[in-house]
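Here are my notes on the model, as numbered points. Have the structure open while you read.

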Amino acid sequence: MTRLVLRRWLIALLCFAPLEAVAQSGLPAIIIDSAEGGGETWSLSLQALVLMTSLSLLPAMLLLMTSFTRITIVLGILRTAMGTAQTPSNQVLIGLALFLTMFIMRPVFLEVHETAVQPFMAETIDAETAIQIAAEPFRAFMMKQTRDNDLQLFLNISNSPAPQDINDVSFFVLLPAFVTSELKTAFQIGFLLFIPFLIIDLVVASVLMSMGMMMLSPLIISLPFKLMLFVLVDGWNLVLGTLAGSFFIS
């Protein structure tokens with residue numbers, strides 16, 4: 001028994017000895033050195049850690065910094081106006097919104113790839129400079145789609161001075177202003193989509209009431225007419241074309 005206890009203590013000491021040596025010498029994987037010109041250089045392990053952490057923020061960036069918000073809201077309102085319940089399904093709408101977002105944001109993504117990603121991969125610029133360069137195309141896109149009154153609202157809330165140009169607008173101010181503008185634009189487009197379907201529902205409900213068929217749901221009768229109207233006017237072409245065009249003409 002005594003030999004067994006001594007053996008376990010010896011194994012524990014051998015296991016914790018490297019940890020003690022690392023604690024005394026510092027963790028070599030996380031190193032921040034001062035670079036020439038007053039900057040900082042991060043070790044490769046620390047850069048990988050920052051990159052993996054930033055990947056977890058990609059869904060939020062996709063939702064808030066691109067055209068994805070407006071597209072998903074409009075498609076959701078369209079499905080509600082048609083009264084088709086879960087058709088198309090959420091997966092189909094999200095997939096359609098995702099690919100339409102990639103189409104609309106393609107010029108921005110190409111600019112980011114050429115000006116920030118490629119130089120960073122070629123090691124001509126560091127990670128911090130690449131992030132700053134990559135932020136500029138997104139800043140220009142969001143500023144183009146943001147209303148002045150929404151931007152002024154968040155400038156007043158944050159007590160920020162009036163910006164002289166686009167570069168003076170902080171992302172902490174621009175991002176909520178952009179999202180607010182996108183919500184307003186999406187609901188405006190959704191309202192226009194709702195009107196023809198609402199008229200069909202009112203006409204069908206009035207006809208059923210005049211015929212005394214009060215127990216029959218108007219939605220059952222109006223749904224085929226709404227689908228027929230949407231197909232005859234080539235509704236998907238109009239809706240998706242209007243959504244894509246609303247970003248290029250803003």
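1. Let's start in a loop: P88 sits between α4 (68-82) and α5 (90-104). Helices here are DSSP runs of H or I with at least four residues, strands are E runs of at least two, and both are numbered from the N terminus. The peptide bond from T87 to P88 is cis, with omega near -5°.

2. Before going on, some housekeeping. This is a predicted model, where local features need pLDDT of at least 70 and side-chain atom pairs count only at pLDDT 80 or more, while totals for chains, interfaces and linings use all residues. Residues are numbered from 1 along each chain as its sequence is written, and side-chain values use heavy atoms, with hydrogens and water left out.

3. Next, α4 against α11. Their axes are 11 Å apart and the packing angle is about 155°; axes are lines fitted to C-alpha atoms, for helices over the stretch in contact, and angles run from 0 to 180 degrees between N-to-C directions. The two helices are therefore roughly antiparallel (over 145 degrees; under 35 is roughly parallel, 65 to 115 roughly perpendicular, the rest oblique). On the α4 side the contact (heavy atoms within 4.5 Å) is made by R70, I71, V74, L75 and L78, and on the α11 side by W236, V239, L240, L243, S246 and F247.

4. Another loop to check is the one between α10 (218-232) and α11 (235-248), which holds D234. D234 is not a glycine, yet its phi is positive, about 55°. With 41% relative accessibility, D234 counts as partly exposed (buried is under 20% relative accessible area, exposed over 50%, partly exposed in between, using a 1.4 Å probe and protein chains only).

5. Now α6, residues 106-121: this helix bends by about 40° at H113, the bend being the angle between axes fitted to the seven residues ending there and the seven starting there. V108, V112, A116 and P119 of α6 are buried, and the buried residues of this helix pack against α7 (127-145). Just after α6, E123 has a positive phi of about 65°.

6. Leaving aside neighbours within four places in sequence, D201 is in contact with L219, S222 and K226.
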